Amino acid sequence: GRDIVLKGVSGAVLDGRRLGTTLTITRGTVRVTKMTVTGGNADLQGGGIANSGTLTLVHVTITGNNAAEIASGILNTGSMIMQRSTVTANQNLDVSGYGIENDGSMTIEESVVSRQSEGGISNTGNLSVTRSTISNNHDMPEPGGLENTGTANIAFSTFANNSAGNTSGGGIGNWGS
């Protein structure tokens with residue numbers, strides 16, 4: 001609930017030790033740089049990060065987090081910018097959970113979203129993806145790379161090797177703008 005900067009040095013790790021969400025931002029402005037966010041285990045949503053404030057991630061890796069329902073890596077209901085970061089190898093217990101759930105405003109720049117067992121990104125808010133790679137995400141039955149029911153702008157980005165268990169779109173399933 002405060003304005004804060006978390007700056008990692010020499011391989012810094014923020015580990016939730018499977019006790020709940022690793023990093024929760026309820027309000028305020030938070031900037032996280034040069035660290036790994038891991039070990040989150042949410043009862044419902046937001047295993048690694050749950051943001052309802054204003055969050056900026058720069059050179060951050062979100063990996064090894066779990067959620068019972070959705071957003072094993074990141075749940076964003078606020079405003080978020082992710083630059084030169086990676087969301088990879090997070091796991092949902094639900095069949096359509098996604099590594100990133102964006103219900104707010106999110107900008108992804110020069111980043112990677114890969115190897116999510118239950119889909120890469122679900123967007124119901126406003127999403128911008130630029131110079132990024134969304135790859136090797138798998139979901140059943142939802143789209144593997146991006147499920148968009150909000151507004152998404154994608155530029156100079158790669159969607160590759162994503163898969164879905166039905167005809168909803170391996171790379172992108174779009175029911176929004």
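**Close-up views of a predicted model**

**View 1. Surroundings of Glu 147.** Apart from neighbours within four places in sequence, Glu 147 makes contact with Tyr 98, Ile 121, Ser 122, Asn 123, Glu 142, Gly 173 and Trp 175; contact means heavy atoms within 4.5 Å. The model is predicted, so local features need pLDDT of at least 70 and side-chain atom pairs count only at pLDDT 80 or more, while totals for chains, interfaces and linings use all residues. Residues are numbered from 1 along each chain as its sequence is written, and side-chain values use heavy atoms, with hydrogens and water left out.

Glu 147 belongs to strand 20 (residues 146–148). Strands (E, at least two residues) and helices (H or I, at least four) are DSSP runs, numbered from the N terminus. The side chains of Glu 147 and Tyr 98 are joined by a polar contact of 3.4 Å. A polar contact is a pair of N or O atoms within 3.5 Å; within protein, one must be able to donate a hydrogen and the other to accept it, and residues adjacent in sequence count only if both atoms are side-chain atoms. Glu 147 is buried but has no salt bridge, and Arg 115, the nearest side chain of opposite charge, is 21 Å away. Lys and Arg count as positive and Asp and Glu as negative, with His and the chain ends not counted. Buried means under 20% relative accessible area, exposed over 50%, and partly exposed in between (1.4 Å probe, protein chains only).

**View 2. The salt bridge between Arg 131 and Glu 110.** The structure holds 1 salt bridge, defined as a side-chain nitrogen of Lys or Arg within 4 Å of a carboxyl oxygen of Asp or Glu. The closest N and O atoms of Arg 131 and Glu 110 are 3.6 Å apart. Because Arg 131 lies in the loop between strand 17 and strand 18 (133–135), and Glu 110 in the loop between strand 14 and strand 15 (112–114), the pair ties together parts that are 21 residues apart in sequence. Arg 131 is partly exposed, at 49% relative accessibility, and Glu 110 is also partly exposed, at 39%.

**View 3. Strand 14 and its partners.** Strand 14 has a covered face, formed by Met 106 and Ile 108, and an uncovered face, formed by Ser 105, Thr 107 and Glu 109. Strand 10 runs parallel to strand 14 and is joined to it by 5 bridges; two strands pair if DSSP finds at least two bridges between them. Ile 81 has Thr 107 of strand 14 as its bridge partner. Strand 14 and strand 17 also run parallel, joined by 5 bridges, with Val 129 of strand 17 as the bridge partner of Ile 108.

**View 4. The largest nonpolar core.** This core has 25 residues, and those with the most contacts inside it are Ile 49, Leu 57, Ile 74, Met 82 and Ile 100. A nonpolar core is a set of buried Ala, Val, Leu, Ile, Met, Phe, Trp, Tyr and Cys residues joined through side-chain atoms within 4.5 Å. Leaving aside neighbours within four places in sequence, the contacts of Ile 100 include Ile 74, Met 82, Met 106 and Ile 108.

**View 5. Asn 102 in strand 13.** Asn 102 is buried, with a relative accessible area of 0%. Among the residues it touches, not counting those up to four places away in sequence, are Asn 76, Asn 123 and Asn 126.
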